Amino acid sequence: MFQKLGRKFQQFMIGRNGPDDLARFSLAVAFAFMLVSVFVNDALASQVLMACAFAGVAYCYFRVFSRKKANRFKENRAYVSLRTKLTAPLRSAYARFKEWKAYHTTHRIYRCEQCGQSLRVPKGKGTVKVTCPKCKHSFTAKS
Ligand SMILES: [Zn+2]
């Protein structure tokens, strides 16, 4: 019974677009609208939000079952490139943060008492003698 339904569904999906990134995104937006509408007290606003949610779901279905694959492919590609562009600064900021964190778990930064040069000292080595590469001033630091 279920196998038969599954096969029928597979046949139905032949030549159709299927779930792509933009379809998933519109579904996610629809869920977001639904969630917000639950917390909105105003009846009209909540209805508008629900209508938006419904439109999002409808658009997702439209994409998944569309037979115009070429057009849907173009739209999806435009969406993915826009998303990549928009999230690039976020991703690079996150990468920099991870780098910074990794750096600070293995090293400690000191400033030279004499010239203010920042010096990198590996952590976990006890008290070490640090010599500034710039002014040759040396001092002891806890690592
Ligand atoms: Zn110095």
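Four residues of domain 1 are in contact (heavy atoms within 4.5 Å) with six residues of domain 2. The chain is divided into domain 1 (15–106) and domain 2 (107–142), bounds that come from an automatic or database domain assignment. Their centres, taken over C-alpha atoms, are 49 Å apart. This is a predicted model, in which local features need pLDDT of at least 70 and side-chain atom pairs count only at pLDDT 80 or more, while totals for chains, interfaces and linings use all residues. Residues are numbered from 1 along each chain as its sequence is written, and side-chain values use heavy atoms, with hydrogens and water left out.

Between domain 1 and domain 2 about 430 Å² is buried, and carbon and sulfur atoms give 43% of that area. Buried area here is the accessible area (1.4 Å probe) that two parts lose on being put together, summed over both. Of the area that domain 1 buries against domain 2, Tyr 103, His 104 and Thr 106 supply 93%, more than any other three residues. Zero salt bridges are found by the rule across this interface, a salt bridge being a side-chain nitrogen of Lys or Arg within 4 Å of a carboxyl oxygen of Asp or Glu.

The count of salt bridges comes to four by this rule. Arg 63 forms one with Asp 20, with the closest N and O atoms 2.9 Å apart. Because Arg 63 lies in helix α3 and Asp 20 in the loop between α1 (2–13) and α2, the pair ties together parts that are 43 residues apart in sequence. Helices are DSSP runs (H or I, at least four residues), numbered from the N terminus.

Arg 63 also belongs to a helix contact: together with Tyr 59 and Phe 62 in α3 it meets Arg 72, Glu 75 and Asn 76 in α4. By class, this contact has two nonpolar, one polar and three charged residues. Nonpolar covers Ala, Val, Leu, Ile, Met, Phe, Trp, Tyr, Cys and Pro, charged covers Asp, Glu, Lys and Arg, and the others, Gly among them, are polar. Helix α3 (residues 43–65) packs on helix α4 (residues 69–106) at an angle of about 125 degrees, with axes 9 Å apart. That makes α3 oblique to α4. Axes are lines fitted to C-alpha atoms, for helices over the stretch in contact, and angles run from 0 to 180 degrees between N-to-C directions. Angles under 35 degrees count as roughly parallel, over 145 as roughly antiparallel, 65 to 115 as roughly perpendicular and the rest as oblique.

Helix α2 (residues 21–39) crosses α4 at roughly 70 degrees, the axes coming within 8 Å. The two helices, α2 and α4, are therefore roughly perpendicular. Asp 21, Leu 22 and Phe 25 in α2 meet Glu 75, Asn 76, Tyr 79, Val 80 and Arg 83 in α4. These residues divide into four nonpolar, one polar and three charged.
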